[in-house]
Amino acid sequence: MNKVLATVAIAGLAGLGLAAPAFAHHSGSMFDPTKTVTVEGTVKEFQYTNPHSWLEIVVVGADGKPAEWGFESEGPSTLLRAGIKAKSFMPGEKVTVQFHPMKDGRSAGSLMSATKADGTVLSPRGGRPQISDAAAAPKG
């Protein structure tokens, strides 16, 4: 009986040891959730990947120089439930991004929402895309 109990205890501790990196990986401690920042730019790339997707855009700064920004988001299964597909952001598209910035000031953050030029708002945590009246109007 003691051997069985010891085996179960060791297996449980091993399982906890393996789970710790997963908890650390999914930490959002690098972002400042008390701040929401907005930038406008052009989509460079949308990486629709696990465990996190990335929206990369080019933003022209006040000095006129382009700078790359990266926005971390959820994995594809969560994004799909929110109506965001692999081709939702295409290179060259203009977007306005709202995000929680990095605490260390790098040009990156946690994606809260992205508004496309046609007014469609895509939010990884906010359910289905919201389409503006102008975007929904028939083209004629």
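Colleague: What should I know about the model and its numbering before I look?
Modeller: It's a predicted model, so to speak of local features we need pLDDT of at least 70, side-chain atom pairs count only at pLDDT 80 or more, and totals for chains, interfaces and linings use all residues. Residues are numbered from 1 along each chain as its sequence is written, and side-chain values use heavy atoms, with hydrogens and water left out.

Colleague: OK, how many helices and strands does the chain have?
Modeller: Three helices and six strands. These are DSSP runs numbered from the N terminus, with helices being H or I of at least four residues and strands E of at least two.

Colleague: And what pattern do they follow along the sequence?
Modeller: Reading along, you get α-β-β-β-α-β-β-β-α.

Colleague: How much of the chain is buried?
Modeller: Of its 140 residues, 31% count as buried. Buried means under 20% relative accessible area, exposed is over 50%, and partly exposed is in between (1.4 Å probe, protein chains only).

Colleague: Which residues have the most contacts inside the largest nonpolar core?
Modeller: Val 39, Leu 55, Ile 57, Trp 69, Phe 71, Phe 89 and Val 97, in a core of 17 residues. Two or more core residues come from each of β1 (37-47), β2 (53-60), β3 (66-73), β4 (94-101) and β5 (108-116). A nonpolar core here is a set of buried Ala, Val, Leu, Ile, Met, Phe, Trp, Tyr and Cys residues joined through side-chain atoms within 4.5 Å.

Colleague: What does Ile 57 touch?
Modeller: Leaving out residues up to four places away in sequence, its contacts (heavy atoms within 4.5 Å) include Val 39, Trp 69, Phe 71, Val 95 and Val 97. Lys 44 and Glu 68 are also among them.

Colleague: Switching topic, how many salt bridges are there in the whole structure?
Modeller: Five. A salt bridge is a side-chain nitrogen of Lys or Arg within 4 Å of a carboxyl oxygen of Asp or Glu. One of them pairs Lys 44 with Glu 68 at 2.9 Å, N to O. Lys 44 is in strand β1 and Glu 68 in strand β3, 24 residues apart.

Colleague: Is Lys 116 buried or exposed?
Modeller: Buried, at 18% relative accessible area, while Glu 93 counts as partly exposed at 21%.
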